[in-house]
Amino acid sequence: MELPGASLQKACRLLVVFCVLHLSAVLFYYLAGSSMRSLQGNPEPSPRGLAPLRRETPTTLRPANVSKPCPDPSPLLVGLLRIEFSQTVNMKKVEEENPYVRKGGRYTPKDCIALQKVAIIIPFRNRDEHLKYWLYYLHPILQRQQLDYGIYVINQGGDETFNRAKLLNVGFVEALKEYDYNCFVFSDVDLIPMDDRNIYKCYEQPRHLSVSMDKFGFRLPYNQYFGGVSALSKVQFEKINGFPNNYWGWGGEDDDIYNRLVFKGMGISRPDANIGKCRMIHHNRDNKNEPNPQRFNKIAHTKETMNSDGLNSLSYSVLNTERFPLYTKITVEVGSPKS
């Protein structure tokens, strides 16, 4: 006959033996795992904080058959960016930091199919330093937005009065000769977005992207303002007959474009004021780009002129096309106010 408590003692001994075996097994697997990790090498911890320029390693290869669409929104976006113009830009370094941008400023996502094919059109003359900043900041942003894009700098040759809107029409026509773009972003060379969630793509309604410029105290100067950076689909652009060709000098063409959109029954979409913030590179007004004294009279007659002044009346001559590593520069002759 067992003494009182003998059964309890046996149970306790068994429990102790079980615990020892369990701890031994845990210790064995822990030591084995540590040895394996030491052989493989410890991975570097992920960087912390904002990373304005997220780069891809040049050794990454694009899969042979990519069939999935890129996610919307892109998982690569980082949000608010620090934009400054105090340091000079080394273009060779910018090229090295964007190894997937093809000659002429073309880029296609490597692991998914972009939702839109975007041509970015920049009207240009004598702004080389501004263009360096634009390329430095925008290429990484556009790649994180996972766009299939191309950069077209439309340079007005000669020394006649500058015609921004006509150069944008030229960019639309010339870009389509190279690729079947379905979206067009028209951007001044001195405007840089401060948040990469401000996507340079097209929407159901024409998109005004530069809604909060530091120049205007990060406020919209007036509700009808459509200047700076805007995006229109190919269908939207053709519906309004493109932009006007007869605005020589500074001012007025943006309001004419806004009127065209309204007369064709379209509205304006915008990001919110925080995401739509932009910084402008400050500069003096260019020569041959003085305020257009006729702009207010022309704006008042948009409805009568828009069907005859635009894509269907565009006349220009291509003087030279240069394909640089980060952009395509097309120099054109667009006439003069007298022609």
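Cysteine 70 and cysteine 112 form a disulfide, a pair of cysteine sulfur atoms within 2.5 Å, with their sulfur atoms 2.0 Å apart. The link of cysteine 70 and cysteine 112 is right-handed, with 90° about the S-S bond. Because cysteine 70 lies in the loop between α1 (6–40) and α2 (91–97) and cysteine 112 in the loop between β1 (106–107) and β2 (117–124), the pair ties together parts that are 42 residues apart in sequence. Helices (H or I, at least four residues) and strands (E, at least two) are DSSP runs, numbered from the N terminus. The model is predicted, with local features needing pLDDT of at least 70 and side-chain atom pairs counting only at pLDDT 80 or more, whereas totals for chains, interfaces and linings use all residues. Residues are numbered from 1 along each chain as its sequence is written, and side-chain values use heavy atoms, hydrogens and water being left out.

The structure holds two disulfides, and in the other one the sulfur atoms of cysteine 183 and cysteine 202 are 2.1 Å apart. This pair links distant parts of the chain, 19 residues apart, with cysteine 183 in strand β4 (residues 183–187) and cysteine 202 in the loop between β5 (191–193) and β6 (207–208).

Just after α3, glutamine 146 takes a positive phi of about 55°.
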